[in-house]
Amino acid sequence: MVDGTIARKTNSVSEFGARLDTTSDFLFFAVTLIKLLPVIHIPKWIWVWIVVIAIIKITNIVLGFVCRKKLVALHTVLNKI
C-alpha cells in the first residue's frame, strides 16, 4: 500500500500507474473482504455504511464517465481512507 507514496517521492508517477494502483488497491480490498466475511461477524450498521460508501463511489465513477467520456478515478490519500 506504500507503492503510491514511493512513486511520488521518487518522481516516477504516471497516469497509468495511478489508475493501476487504484484498481489493484480495490481488488486487494475486495478479495480480503471476501475471505474475511465468513470468519467475522459484522454489525448491520456497518453494512449500511459500506453500502452508502459503495453507492457514492459508483455514482462518482458513473457521473465522471458521463461528463468526461472516460473513466475517472481520483487517486488521493483520502480515497484510500
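Biologist: Where is L37 found?

Modeller: L37 sits in the loop between α2 and α3. This is a predicted model, and the mean pLDDT of the protein chain is 79, with 85% of its residues at 70 or more.

Biologist: Which residues is L37 in contact with, leaving aside its neighbours within four places in sequence?

Modeller: L37 is in contact with I42 and W47.

Biologist: What elements does the protein chain have?

Modeller: The protein chain has four helices and zero strands, in the order α-α-α-α from the N terminus.

Biologist: What span should helix α2 have, and what do its end C-alpha atoms give?

Modeller: The expected span is 1.5 Å times one less than the number of residues. Helix α2 (residues 15–36) has 22 residues and should therefore span 32 Å; its end C-alpha atoms are 32 Å apart, which agrees. For α3, with 25 residues, the reach from first C-alpha to last is 36 Å, close to the 36 Å expected.

Biologist: Which residues of α2 are buried?

Modeller: The general idea comes from helix geometry. An α-helix has 3.6 residues a turn, so residues three or four places apart point the same way. In α2 the buried residues are A18, D21, T22 and D25. They cover an arc of only 95° around the axis, which puts them on the same side of α2.

Biologist: Which residues are exposed on the other side of α2?

Modeller: On that other side, F16, V31, I34 and K35 are exposed.

Biologist: How much of the protein chain counts as buried?

Modeller: Of its 81 residues, 11% count as buried. The accessible surface of the chain comes to about 7100 Å², and carbon and sulfur atoms account for 76% of that.

Biologist: What is the phi of N11?

Modeller: Most residues other than glycine have a negative phi. N11 is not a glycine, yet its phi is positive, about 60°. N11 lies in the loop between α1 (3–9) and α2.

Biologist: Is N11 buried or exposed?

Modeller: N11 has a relative accessible area of 71%, so N11 is exposed.

Biologist: Which residue follows α3, and what is its phi?

Modeller: K69 follows α3, and the phi of K69 is positive, near 60°.

Methods: Residues are numbered from 1 along each chain as its sequence is written. This is a predicted model: local features need pLDDT of at least 70, side-chain atom pairs count only at pLDDT 80 or more; totals for chains, interfaces and linings use all residues. Side-chain values use heavy atoms; hydrogens and water are left out. pLDDT is the predictor's confidence in each residue, from 0 to 100. Helices (H or I, at least four residues) and strands (E, at least two) are DSSP runs, numbered from the N terminus. Buried means under 20% relative accessible area, exposed over 50%, partly exposed in between (1.4 Å probe, protein chains only). The arc is that of the directions from the helix axis to the C-beta atoms. Accessible areas come from the Shrake-Rupley method with a 1.4 Å probe; for residues, only the protein chains shown count as cover. Contact means heavy atoms within 4.5 Å.
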